[in-house]
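Trainee: I'm new to this one. Could you walk me through it, one question at a time?

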Amino acid sequence: MVDSQYYLPNDVGISALDCSEAFRLLSPREKMYAHYLSRAAWYGGLAVLLQTSPESANIFVLLQRIFRKQTPAQLEKDATAAGLSSEEYQAFLVYAAGLYANMGNYKSFGDTKFIPNLPKYKLEALVKASQAFQEQPTEMKALWDSCSCLIYSLEKRQKQLGLGDKGITTYFSGNCSLEDAELAQKFLDSKKLSAYNTRLFKRENGGKACYEVRLASAEQKGQNCSTLSCCGSFNFEDKEFSVKRGDYSPLMEKVASNLQQAQAFAANENQRKMLEEYQRSFTLGSIEAHKEGSRYWIKDKSPIVESYIGFIESYRDPFGSRGEFEGFVAIVNKAMSERFANLVSSAEVLLPELPWPQDFEKDTFLKPDFTSLDVLTFAGSGIPAGINIPNYDDIRQSEGFKNVSLGNVLAVAYATQKEKLTFLEEDDKDMFIQWKGPSFDVQVGLHELLGHGSGKLFVQDDNGEFNFDQTKVINPESKQLVSSWYHGSETWDSKFTTIASSYEECRAECVGLYLCLNKQVLSIFGNEGQQADDVIYVNWLSMVRGGLLGLEFYTPESQSWRQAHMQARFVILRVLLEVGEGLVGLKEVTGQDGKPDIRITLDRSKISTVGKDAIHRFLCKLQVFKSTADVAGGRALYEGYSTVSDGGSHDFLRLRETVLLRKEARKMFVQANTKIKGDSVELVEYEGTAAGLIRSFTERFEEDAELLEADLLELNKRDDSHSGNMTK
């Protein structure tokens, strides 16, 4: 029997993301703009297959070839003839849908592998019975043989993403260790090169380690290399480094080409210049060009069609520096955006409420755009509920950022059935269901705007200039002068590496918990009186429950966390449990089914006193360590609270077993396609089922499917030949 955490259940929630009304209201020009941006995002999103696992791209091509010839309904007849039961065929469809939704065979939320919930010989029989196999038996057999073992493999290292012996990654070749990642980061820093759009491949040459840093770009080596001076071979700490372009080249070419076509339909000069710089970035592999594009993006205030594209979030790089490709296109929801705009207007009054001294806050709050959006396209490994971007520290600190809340995602993702609501007291369940949506709107708003948008980094630049007065600023924790800071091109990610993402999510979540106690904030979102109190209670209860559910994303064997946000919520749970005074309780009970269960209690009368004080102290420490680049202090604090053990007042390893026993699979989303018909754009929608999700992907790449699949196979083969022991 395979542990259920390694497959997706047949009844997994799959919902269509509805944006039909928002799309209908766009002008013909805006629809064209949204169409070409969506195409750029979808083509670029295929790079995630190559960023996830050695087998993901080949599995994707296998599925595309099968479903291009037969729809899921047509294929079912062959499946039945090949001996599959209806449950087994549904398990295959769910696996295929999962691979598309996660852009690979590892869960985007949790980083664990998932395998088909049917025997391998049955899946092989289905592949061989398919029309695609009948028409091209040699090619299809070679494709099946190239990935069939890895589809099912659950060897220790294969079970999750990670570096070295901790798991699988394709950001690094399989022979790279943490030491290699640290050395490469030092090299990149010395060249003032960002790691965001890179991968690292290591090989031995005459007993000497040689490293290849590969930049994502349409152009390959030998083309206009003068435009990017960083390319070439270098000796660094007695090791050979070469910097080359052309990673994901055919995909980046598609991205750049569609961005160029979108330019003709841009609404203003900022959008045109933004797209020009993005195009340059994906053509040449230049993060500087992407930063320039992001500057124009920030200036493009309140567009009707909002978008962002690039190598953005570093959650899935085991070292925490490389960005996964994502691209989104969304349409503004004006009513909800008004509330967020009011929150932005109140920001300067709310920021001083945060628990750190004024010197630790940005010199001026650069009022960002904050909009609620209905997603048309979100290409990548998963869809978040809210985003605060760009992630470039230097731009965020001095030029600004934008926040978005993804309204149609929130509406679907957090709809909960009472019978599936685990670990809460019966009395709390109805209130939780009633106020989860409104409380999450408040939490997302605060988390993105005043969480990620707050706090200063102390920096001494390359000219020796400080952005703070090092002779006066006192560290509130040590009561001494600040004695550490960031130097030159050092960033939050490059300093705090493996804990940076989760630590920052934790800081933002704490800001949300802390400021949701503010009546002015609650009023902005239409919550007054008893309703406001209920929203506070459900927001805190949701965070405590999230911390407990987070245990699903911890791997005891490697003592590692696989999901940044869930680790953050567990840390907050630990902080609230540690303060005691009956604020939070976790009680182990026996459920009605006779199996182990857990009951969460939260004393609502103590949230604004005991709870607030605990978050106040913890949040101040998080900010001080971040501002002062105190990696040792920050790691000790954060890793201490992240520890999952069977000692102390709670046996978290035993609680984890109960959480796994009662876990619910994360929902998957079906997204629409856009198609040009004559001189207009039409929206093609699909049903919220595994079959609908599959059809959306086969129809997404219809026009150049064969060439695209050949490119993916070729790119994957190239990775394999450079990979050290990547697939071993």
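Trainee: Does glutamine 271 count as buried or exposed, and why?

Mentor: A quick note before that: this is a predicted model, where local features need pLDDT of at least 70, side-chain atom pairs count only at pLDDT 80 or more, and totals for chains, interfaces and linings use all residues. Residues are numbered from 1 along each chain as its sequence is written, and side-chain values use heavy atoms, with hydrogens and water left out. Buried means under 20% relative accessible area, exposed over 50%, and partly exposed in between, with a 1.4 Å probe and protein chains only. Glutamine 271 has 3% relative accessibility, so it counts as buried.

Trainee: Which helix does glutamine 271 lie in?

Mentor: Helices here are DSSP runs of H or I with at least four residues, strands are runs of E with at least two, and both are numbered from the N terminus. The one holding glutamine 271 covers residues 269-284, and that's helix α12.

Trainee: And which residues does glutamine 271 touch?

Mentor: Contact means heavy atoms within 4.5 Å. Leaving out residues up to four places away in sequence, glutamine 271 touches Tyr33, Ala266, Asp300, Pro303 and Val305.

Trainee: On to the sheet: in what order do the four strands come?

Mentor: Two strands pair if DSSP finds at least two bridges between them. The edge strands, each pairing on one side only, are β2 (198-205) and β4 (232-236). The sheet is open with mixed pairing, and the order is β2-β3-β5-β4.

Trainee: What is the bridge partner of valine 213 in β5?

Mentor: Strand β3 (residues 208-216) and strand β5 (residues 239-247) pair in the parallel sense over six bridges. For valine 213, the partner in β5 is valine 243.
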